[in-house]
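Keep the 3D view open as you read.

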Amino acid sequence: MVEPAVDLTHGEAHDDHADHGPQGWLKYLWSTDHKVIAMQYMFTGMFMALVGGFMAYVFRMQLAFPGINVPGFGAVSPGEYNALVTNHGTIMIFWVAMPVLLAAFGNYLIPLMIGADDMVFPKINRLSFQVFFVSTIVILASLFVEGGGFAGAWTAYPPLSADSTYNLTDLGSTLWVIGVGLEFVAFLLGGINFITTLMNSRAPGMRAFDVPIVVWMIVVASILFMLSVGPLLAGAIMLIFDQTLGTGFFDPGMGGDPILWQHLFWFFGHPEVYVVLLPAMGVVVEIITTFARKKLFAYRTVIFTIVATGVLSFFVWAHHQFIAGIDPRMANIFTITTLLISVPIAELCFIYIATLYGGSIRLTTPMLWALAFVAEFLIGGVTGIFLGAAGADIYFHDTYFVLAHFHYTFFPIAIIGTFAAFTYWFPKMFGKMMDERLGKIHFWLTIIPFNMIFIPLFVLGMGGQHRRIYNYDQFPDLAGGVFQDMRELATWSLLIMLAAQFIFFYNCWKTARSGPRASKNPWKANSLEWTTESPPPHGNWHHLRMPVVYRGPYEYSVPDREDDYWPQNEPDGAPLQVVDDDTGEQGR
Amino acid sequence: MVARAPIIPFRPNPKKRKKLVSDAVLGMVLFVFVEIMLFAGFISGFLIIKARAVGSVWPPPNQPRLPFEETAVNTTALIASGIVLLIAHRMFLKGRGLGGSPAGGRGGQATPRGSSGGVLAGFGGLLSRPVGRILVAATLLGGMFVALQGVEWLALIREGLTITSSTYGALFYTIIGAHAAHAVAAILALVWALLRLARGKLTRDVLSAVAIFWYFVVLVWPFLYFVVYL
C-alpha cells in the first residue's frame, strides 16, 4: 500500500482548498456550503419550534383554566385561540419538522455520507434557504397583521379559509397561504438537489446498496414530497384567488366545490406524513446499528419497504374525509389502503427490533432517543388503525383521540427524531462531546411528560371531547369532573416538558464553552462522515483525499477483525499502522 | 489515544463517477415531474367542478364559448416551435450546424467561440450558424403562441368572460394563465440560452435542460387544449 503523499495533519493541508465563500456574518447570508445551509435550516427550525411551543403553552393554559390571564400572553380570546392552534400546527409541521429533519439533516448528511464535497447545485441550495427564510418572515408577519393570524385550522378548509368574514382576518389568511407556498418552493429546490446529488455524486465504489439508509430515506421522502406537492400548489393558487380576487373555486354558492380543496390538500397532506417520517426512521437506523454493534437486519428489505410505503401513501388520502360527505363505497376502498400501509411500517419496526436482538447495546443519549422513537411511534401507529377504519372513525373524527394519535406520530418524528439525530451527529457538527448526564436527564424529563400529555387526551377523545372547542365550561357534559382533571394534567405535563427543554439549551451552551473535543469517530461508526475531521472542513475532505468506498455502512462485529467496526472506506486486508486517533498523526 | 489502524488509500484526483444522466438534465426532469403534478391538480379541479355544474350544463349558459377553432392556430404555432427546437437540440447534441466546427467533447464542454466582440456581434454570429437560426425560429414561434393567446384573452374579456364571472372563467384564466406563465418563463430561458450560444458559452447540458422545459410546455398544452377548450 502506498504511503499517502500529502500531510495528514490539519492546518496547511487545507489551505489550497480553504473556504472560498464569503466570511463573517455574510457567510450566513451567501454561503453555498451545504453544512452552513444545514445549520441555517436547523437553527431557523429550532427557533420556530420555540414559537410553536409557546403557542401550545398558551392554548393549553386556556383549555385547562378557561379565561385565565396566561402569563406572557394575557387573556385568550376565541379568535386568538383559533389563530394559535392553526399556526401551532402549521409551524410545527412546515417550519419545524420539514426544515430540521428533511432540509437540515438532508443537507448536512447527504454529501458527507456519500463522500461528495458539496451538493451538485450549491447555488440552488442557497436559494432554497433564502426562499425558506423569506417564508419564515411571512408566516411570522401574518401573526401581527390587522385581525391577527390566520384562524382556519392548519388544513385551511374552505369556505372558512376562503372568506374573511369567517376566518376574521383578511391579510392574515393570504399571508399564511403565501408563506406556506414559498416554503414549498424552498423544499422543491432542496429536493431536486438531494435526489440529483445522490444519483450523481456518490464516491467511487459506492453502489446503490452501499448507501446509508438515512440517505435513502431522505431521498425517497424528497421524491414523495415532489410528487405530492403539485396538486396542493394548484389548490393554494385557487385558494389565494378565492381570497383576493373573489373567484368561487371552493364556494358552493358560486358553483365551486369545498371538498375539492380537501382532496387537493390531503393528496399532499398524507404523503407529507411519510415525508417527515422517513428521515426520522432513517436516523434511527444509523443510531441503533451503531449502538447495538449489529449489522442492520435486512438492508434491502428496508429499501423495498420504504418504496412500498411511498407508493401506498398516495392512495390513502381520503381517510381524512370519511365524514366530509364522500361516497361510502370510496370510504371502504380507502379503509383498505389505509390499513395496508401499516404493514410496511410495522415491518420497519420489526426490522429495528431484529437489529437490536442480540446486540451489545450501549444506552447513550442518542440511543435512548432512538429507542423511544420506535416505542412511541408504535403507539401512534396502532391508534391510527382505529382512525383508518371508516366505521370507528365516524365516532372518533374530530375528537381529542385524533389529536392524541397524530401527536403520537408527529412528536416522535419531529422532536424525538430530531433530538436523536442532533445528539448523535453533534460531535461531527460542532466538534465537541455533549454531556451525557444532562442529556439523559433531558431525555427522561421530555419523554415522561410527553406521555402524560397525550395519554389523557386519548381518554378524553374516547369520552367524546371535541377538538375545536375554546371553552369547555359551556358544555356541561365535558366541563367538570374527571374531564377537567385530565385537561389540567395534560397542561401541567406540558409545562414540565417545556421547562425541561432549558436543560437541553444549557447542555448545548455548556458543551460549546467547555465540552471535551470530539475525535473523528467518537461512536466508532462506519459511514463516511466519520472519516473526516469534526467538524468537517470546507469541501468535507482534503481534495486529494476524497474517500473511496469498499462496502456497505453496517459492518459491525465482523468476525476475525481486531476492531468491531469496519469503515466503508477501508479496503480489505489493508496493512495496519499506528495512528493517533485524536490528531491523525501517523507512525509506523 | 494511540491505536493500530489500517492505511486508508485515497483517490489522488477527485475522480468523478460516470454519470448516467447529467446533473442539469436530471434536475430539470425532476422539476418537470413536479410541474406535471401541478397541472394534474388543476385538471382534476377542472373536471370535478365541471362534473358538479348545475344541471350538468357546461359551459355555463350565459358565458361566452371558448374559441376552439381559432386556438388551433396557436396550438399549431406551439407544436411547430417544439418540433423546430427538437431539430436544433439534436443538431447541437451531435455538434452539427455550428458553422463547420464541431462542438467540443462529451457533455459539458463549451462550443467554440463564433466571433469575438460584444453581444450584438455575437448575434451576427448566431444567425450565421444553422443551429442559431433554428433556435431563433423556435423562440419566435413560442413568442407567437403567447402573443396570440394574449389577443384571444382580450377578445374573451370583451365578450364578458372574466375571472370572477363564473367558475368557468376562473378555471380558464387560472389554468391557461398558469400555462402562459410557464411559456413566458420557458421563452426567457430560451433567450438566455441564445445569448450564451452567441457568446460561445452554451453547453449541451444547459441547452438540454432548457429544451426539456420547453418540451414540457409544448406537450402539456394539447391536454389543456382538449380538456379546457373542448
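The largest nonpolar core has 233 residues, and the ones touching the most other members are Ala97(A), Val215(A), Val276(A), Val284(A) and Ala420(A). A nonpolar core here is a set of buried Ala, Val, Leu, Ile, Met, Phe, Trp, Tyr and Cys residues joined through C-beta atoms within 7 Å. Buried means that 20 or more other C-beta atoms lie within 10 Å of a residue's own, exposed means 12 or fewer, and partly exposed is in between, with C-beta atoms placed from the backbone. Helix α3 of chain A (residues 78–114) gives the most to this core, at 23 residues.

Before going on, a word on the model. It is a predicted one: local features need pLDDT of at least 70, side-chain atom pairs count only at pLDDT 80 or more, and totals for chains, interfaces and linings use all residues. Residues are numbered from 1 along each chain as its sequence is written, while chains are lettered from A and ligands numbered from 1 in the order in which they are written. Helices (H or I, at least four residues) and strands (E, at least two) are DSSP runs, numbered from the N terminus.

Now pick out Val276(A). Leaving aside neighbours within four places in sequence, Val276(A) is in contact with Ala97(A), Met98(A), Leu101(A), Leu102(A), Ile413(A) and Ala414(A); contact means that the C-beta atoms, placed from the backbone, lie within 7 Å.

Next, look at how α8(A) (residues 258–292) sits against α10(A) (residues 328–356): the two pack at an angle of about 15°, with axes 9 Å apart. That makes α8(A) roughly parallel to α10(A). Axes are lines fitted to C-alpha atoms, for helices over the stretch in contact, and angles run from 0 to 180 degrees between N-to-C directions; under 35 degrees counts as roughly parallel, over 145 as roughly antiparallel, 65 to 115 as roughly perpendicular and the rest as oblique. From α8(A) come Met281(A), Val284(A), Ile288(A), Thr289(A) and Ala292(A), and they meet Leu348(A), Tyr352(A), Thr355(A) and Leu356(A) of α10(A). By class, that is seven nonpolar, two polar and no charged residues. Ala, Val, Leu, Ile, Met, Phe, Trp, Tyr, Cys and Pro count as nonpolar, Asp, Glu, Lys and Arg as charged, and the others, Gly among them, as polar.

Arg293(A) counts as partly exposed because it has 15 C-beta neighbours inside 10 Å.

The loop between α4 and α5 of chain A holds Ala156(A), another non-glycine with a positive phi, about 55°. Ala156(A) has 23 C-beta neighbours inside 10 Å, so it counts as buried. Pro159(A) is in the loop between α4 (122–142) and α5 (164–167) too, and a cis peptide bond with omega of about 5° joins Pro158(A) to Pro159(A).

Over in chain B, there are six helices and one strand, in the order β-α-α-α-α-α-α. Of its 230 residues, 36% count as buried. Helices α2(B) (residues 68–94) and α6(B) (residues 204–229) pack at about 160°, with their axes 10 Å apart, which means α2(B) is roughly antiparallel to α6(B).

Methods. Contact = placed C-beta atoms within 7 Å.
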